[in-house]
Amino acid sequence: MALSLVSCQGKQKEKKAEIVIPTEWKDTGGEYINSHGGGILTYEGKYYWFGEHRPAKGFATEVGVNCYSSENLRVWNYEGVALSVSDEEGNEIEKGCIMERPKVIYNAKTRKFVMWFHLELKGRGYEAARAAVAVSDTPTGPYRLIHSGRVNPGIYPENMTTEERAARLDTAQYREWWTPEWTEAVQRGLFVHRDLEGGQMSRDMTLYVDDDGKAYHIYSSEENLTLQIAELTDDYQSHSGRYIRIFPAGHNEAPTLFKHEGTYWMICSGCTGWAPNEARMFSAPSIWGPWKQHPTPFAGEGADKTFGAQSTYVLALPDGRFLFMADIWKPESLMYSGYLWLPIRFDENGVPVISKEESIDAPAQ
Ligand code: DGJ
């Protein structure tokens, strides 16, 4: 069922058509949509929503990555499990691992659908911090895991200075976290050095495909303290080796990325587990920066806690507008975590604003 609202665009109140956002979050079979930390692929005029299948109790992955399809963003058909966990003991995606924040992009050169997600190995909590890649010949899958691991082993981020590289900071000298000395060391690349050989950590993540077809993996790295942006190879299945760190020690996660009139915008959250916090927003004239911070884009009551939600994706609609997607986590039963989808408005300075007063009408097909 869809909700009809009247939208307020800036000062003049302008009536808009029916919004596309579901209110009950049920699929066409009447089941609650189980697609958390997800994102949407638009392919041949259809939307494919991929997300974490979460259990009713606990948080380990028992099933895999779910896929739903829609022609209007409102009515969702369940397409089944796009990527299944494995029953094989010791497999990287053995049942009981943790699969989070899956995102799928289409590669026109290879004609493959490429899924990236955050993978934690079974029984190892969140210490593996891997990025995983799976591919399929069709949007709905089945996807096949091709590899998982840390990011860009042996390679320094492009924007780490010669001095920072030479410093070779050692975590043994900074055992106590959150002291000013430790924060400064994190900013100077403490964890980049620690993880250089094995590759950078990768937890919360998203993907972004630019107008020139180049794709990027944006992820919380360095113990969730620093975001990194890594370019993908032309087939979108590996990292090219080119990457940067942004807002070192900023403690950001749940990144989303979109481009509006030549400016790259990133909306993400702070790190408070499943509890909501105030969203953060950054912008840059190029994906490679320089990135600068803005106040939260959320406006109205509850904005200081992102209306109880945490960002997961920003969908670029075919008519040039953007849909912000977020999760309202329910750790007591993650399966029933809620969803918050809101349109992004741009103020008179072109800065994104997200409020509950905005509505969105059906995008042109
Ligand atoms: C917050 C992250 O954004 C989620 O994806 C998930 O990893 C939880 N933390 C786990 O506590």
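How do β9 and strand β10 (residues 144-149) pair, and over how many bridges? They pair in the antiparallel sense, over 5 bridges. Strands here are DSSP runs of E with at least two residues, helices are runs of H or I with at least four residues, and both are numbered from the N terminus. Two strands count as paired if DSSP finds at least two bridges between them.

Before the next selection, a word on what you are looking at. This is a predicted model, in which local features need pLDDT of at least 70 and side-chain atom pairs count only at pLDDT 80 or more, while totals for chains, interfaces and linings use all residues. Residues are numbered from 1 along each chain as its sequence is written, and side-chain values use heavy atoms, with hydrogens and water left out.

**Stop 1: around β9**

Select alanine 134 and look across to β10, where leucine 145 is its bridge partner. Now turn to β8, which pairs with β9 in the antiparallel sense over 7 bridges. Valine 114 stands opposite valine 135 of β9. Because 6 of the 7 residues of β9 are buried, this strand is largely enclosed by the rest of the structure. Buried means under 20% relative accessible area, exposed means over 50%, and partly exposed is in between (1.4 Å probe, protein chains only).

**Stop 2: the largest nonpolar core**

A nonpolar core is a set of buried Ala, Val, Leu, Ile, Met, Phe, Trp, Tyr and Cys residues joined through side-chain atoms within 4.5 Å. Select Phe50, Leu83, Met99, Met115, Phe117 and Tyr143: of the 23 residues in the largest nonpolar core, these touch the most other members. Strands that each supply at least two residues of this core include β3 (36-43), β6 (77-84) and β7 (98-107). β8 gives the most, with 4 residues.

Zoom in on methionine 99. Leaving aside neighbours within four places in sequence, methionine 99 is in contact with residues including Glu52, Thr61, Leu83, Ile93, Phe117 and Leu119. Contact means heavy atoms within 4.5 Å.

**Stop 3: aromatic rings**

How many aromatic pairs does the structure hold? It holds 30. Rings of Phe, Tyr and Trp (its six-membered ring) pair if their centres lie within 6.5 Å; planes under 30 degrees apart count as stacked, over 60 as edge-to-face and the rest as tilted.

Select tryptophan 49 and tyrosine 68, a tilted pair at 6.1 Å centre to centre, with 45° between the planes. Tryptophan 49 lies in strand β4 and tyrosine 68 in strand β5, so their pair ties together parts that are 19 residues apart in sequence. Both residues are buried.

**Stop 4: helix α2**

Select α2 (180-187). Trp182, Ala185 and Val186 are buried in this helix. Look down the axis of α2: the buried residues fall within an arc of 100°, so they line one face of the helix. That arc is taken from the directions from the helix axis to the C-beta atoms. On the face turned away from the buried side, find the exposed residues Pro180 and Glu181. What covers the buried residues of α2 includes α3, β13 (226-232) and β14 (239-246). Just after α2, glycine 189 takes a positive phi of about 105°.

**Stop 5**

Is glutamine 310 buried or exposed? Glutamine 310 is buried, with a relative accessible area of 7%. Find this residue in strand β20 (residues 310-316). The side chain of glutamine 310 makes a polar contact of 3.0 Å with the side chain of serine 269, and another of 3.5 Å with the side chain of glutamate 253. A polar contact is a pair of N or O atoms within 3.5 Å; within protein, one must be able to donate a hydrogen and the other to accept it, and residues adjacent in sequence count only if both atoms are side-chain atoms.

Finally, select the open sheet of 5 strands, in the order β19-β23-β22-β21-β20, with mixed pairing. β19 (298-299) and β20 stand at the edges, each with a single partner strand, so one side of each is left without a neighbour in the sheet.
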